[in-house]
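Please keep the sequence and the structure in view while reading.

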Amino acid sequence: MIAHEPGVRGCGYSSELRRFRAAPTLLAAAWLVGAASATYAQPPPVPPAPPQTARESAAIDLTGQWVAIVNEDWRWRMVTPPKGDYASVPLNAEGRRVADSWDAAQDGSCAAYGAAGLMRMPTRLRIEWDGDQLLRIETDAGRQTRRLNFDRAAAPSVRSLQGHSIAQWIRPLAPPGGPGLAGAGGGRQRMGGYLKVTTTNLLPGWLRRNGVPYSEDTVLTEYFDRFRAPNGDEWLMVTAVVEDPKYLNTHYITSSHFRREAGNASWNPQSCRAS
């Protein structure tokens, strides 16, 4: 006689076998109940924080008044160069032809104060926020106003001397384990950074006051950085890259420096001539 045969009634081994066979099912049910209880015991998810505005997430503070320090290219920046002096500008044949047609009677024209030439002027800058997504730069030379828009979806308006400028904060990635803020792609971003600005939709203008031209096809890319000198002075450096397929053989790159001023007593707006 086989004691564990299911057909044998009254056998204790048979009831033990039934319990053994049911054990996996009972264990699974218990696990599901426990898992469900743990799930319901979790606190509700925290909603994501709203994205920061450009002003809140600024990598550096560019606001304040700054004065140009002309420590290079003095003869092309502090005075109007003579006709035909376009040394160091990579003009093509058509660009030289246009530059050679300039007349001294045009000196003072607002064409010299468009975005691609404005920051090379001996000027002061007033930089301040206009809302949370727009950074405004005013110059006392030529009385111009640039608007750096952090809204990439903003549609450009009509062509103008200052064009349509889209800005973005750039924070370089730090080495793994280094200090900084968490960045995309598993990297880490450094504290601070710089501002990148791309300007299009420009009217034709001049790179220098003696008629060295740039066309409406120009793309201007600028990098704004701030740093402190050993003596405590605050400096703004603007590196500009001008790309113009009509008048330039290659990129025209300049670097302009501005020192922060404590007040605005030296602000002295001087208008340019519209024609």
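## Arginines face to face

In this predicted model, Arg-136 has Arg-147 of strand 5 opposite it. The two strands concerned, strand 3 and strand 5 (residues 145–149), are joined by five bridges and run in the antiparallel sense.

Strand 3 spans residues 134–139, and five of its six residues are buried. Buried here means that under 20% of the relative accessible area remains.

Strand 2 and strand 3 form a hairpin, with four residues between them. In the turn lies Gly-131, whose phi is positive, at about 85°.

## Strands 14 and 15

Another antiparallel pair consists of strand 14 (residues 234–243) and strand 15 (residues 252–261), linked by eight bridges. Within this pair, Leu-236 has Phe-258 of strand 15 as its bridge partner.

In general, strands of a sheet pair through backbone hydrogen bonds, in either a parallel or an antiparallel sense.

## The barrel as a whole

The strands described above belong to a closed barrel of nine strands, which runs in the order 1-2-3-5-6-10-13-14-15. The pairing within the barrel is mixed. On average, neighbouring strands of this sheet are turned by 30° against each other, with direction ignored.

Key: Residues numbered from 1 in each chain as written. Predicted model: local features only at pLDDT ≥ 70, side-chain atom pairs only at ≥ 80, totals over all residues. Heavy atoms only, no water. Pairing = 2+ DSSP bridges. Axes fitted to C-alpha atoms, helices over the stretch in contact; angles between N-to-C directions. Buried < 20%, exposed > 50% of the residue type's maximum accessible area, 1.4 Å probe, protein only.
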